[in-house]
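Hello,

Here is the structure I promised to pass on. My notes follow below it.

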Amino acid sequence: MNNGLKVNDKLFQIGCCTDNSCCLCDAVVETQSHLFFECSYSRLIIAAVESWCGFKVDVNISASTTGIVPRRALKQEVHSLIWTACVYCIWNQRNNARMNLVLIKPDNIARNIREEVKRRIRSKLSKETTRTDRIWLRK
Ligand SMILES: [Zn+2]
């Protein structure tokens, strides 16, 4: 959020690396904005996650595509959880590519995000979770 991640563009500028290209796509300069919002590899992950969750994954909440309307707070929590998981996994994969020269298929990253989000949601369900919210979550 504070543009403080040590992406290749920053590392290159201070002489810590000789290549400022993106670790994930190797096509353009790796800036923080590119990594999370423009990179073709990251976009494949986010597209797969969007296909699964049914709403657009970005910094703003979009309308539900299901017809079942959960509590706004629940939807915000789920959206935040998905967004955070995407950012974490993209950054983790970027570091894996940079340090270990390993690039996992975007679909596999998206699958990991999906499973982690499901696990976290299940752990937070309580008796106060309404039937409508449970139905929305199931979908
Ligand atoms: Zn890239």
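Where is the place of E50? E50 sits in helix α3, residues 40–53. Helices here are DSSP runs of H or I with at least four residues, strands are E runs of at least two, and both are numbered from the N terminus.

Before the rest, the ground rules. This is a predicted model, in which local features need pLDDT of at least 70, side-chain atom pairs count only at pLDDT 80 or more, and totals for chains, interfaces and linings use all residues. Residues are numbered from 1 along each chain as its sequence is written, and side-chain values use heavy atoms, with hydrogens and water left out.

Back to E50. Is E50 buried or exposed? E50 counts as buried because its relative accessibility is 17%. Buried means under 20% relative accessible area, exposed means over 50%, and partly exposed lies in between, with a 1.4 Å probe and protein chains only. Leaving out neighbours within four places in sequence, E50 contacts R43, F55, K56 and V57. A contact means heavy atoms within 4.5 Å.

Overall picture

The protein chain has six helices and zero strands. Along the sequence the pattern reads α-α-α-α-α-α. Of the 139 residues in the protein chain, 36% are buried. Take the contacts between residues at least 6 apart in sequence: 55% of them join residues at least 24 apart. The accessible surface of the protein chain is about 8700 Å², and carbon and sulfur atoms hold 53% of that. These areas come from the Shrake-Rupley method with a 1.4 Å probe; for residues, only the protein chains shown count as cover.

Zinc site

Which protein atoms are the donors of the zinc ion? They are C22 (SG), C25 (SG), H34 (NE2) and C39 (SG), lying 2.1 to 2.4 Å from the ion. Donors are N, O and S atoms within 2.8 Å of the metal (3.2 Å for Na, K and Ca); water is not among the atoms, so sites may look incomplete. Along the chain the donors follow the spacing C-x2-C-x8-H-x4-C. The site is tetrahedral, with angles of 103 to 115° among its four donor atoms. For four donors, tetrahedral requires all angles to lie between 85 and 135 degrees. H34 and C39 are both buried.

Segment before α1

V7 lies in the segment before α1 (8–13). V7 counts as buried because its relative accessibility is 2%. Setting aside residues up to four places away in sequence, V7 touches E30, T31, Q32, L35, W91 and R94. V7 and S33 are 26 residues apart along the chain, and their C-alpha atoms are separated by 9.9 Å.

Cysteines

How many disulfides does the rule give? The count is zero, where a disulfide is a pair of cysteine sulfur atoms within 2.5 Å. C17 is in no disulfide; its nearest cysteine sulfur, that of C16, is 7.3 Å away. C89 is in no disulfide either; there the nearest cysteine sulfur belongs to C86, at 7.3 Å. C17 is buried, because its relative accessibility is 13%. C89 is buried too, with a relative accessible area of 17%.

Salt bridges

The whole structure holds five salt bridges. Each is a side-chain nitrogen of Lys or Arg within 4 Å of a carboxyl oxygen of Asp or Glu.

Which residues are linked in a network of salt bridges? E116, R119 and R120 are. The R119 and E116 side chains meet at 2.6 Å, N to O. Both residues lie in helix α5 (residues 106–124), three residues apart, about one turn of the helix. The R120 and E116 side chains meet at 2.7 Å, N to O. R120 and E116 are separated by about one helical turn because they are four residues apart in helix α5. E116 is partly exposed at 28% relative accessibility. R119 is partly exposed at 45%, and R120 is partly exposed at 41%.

Another salt bridge joins the side chains of R114 and E115, at 3.8 Å, N to O. R114 is partly exposed, with a relative accessible area of 24%. E115 is partly exposed as well, at 40%.

Best wishes

Methods. Tetrahedral: all angles 85-135°; square planar, octahedral: opposite > 155°, others 65-115°.
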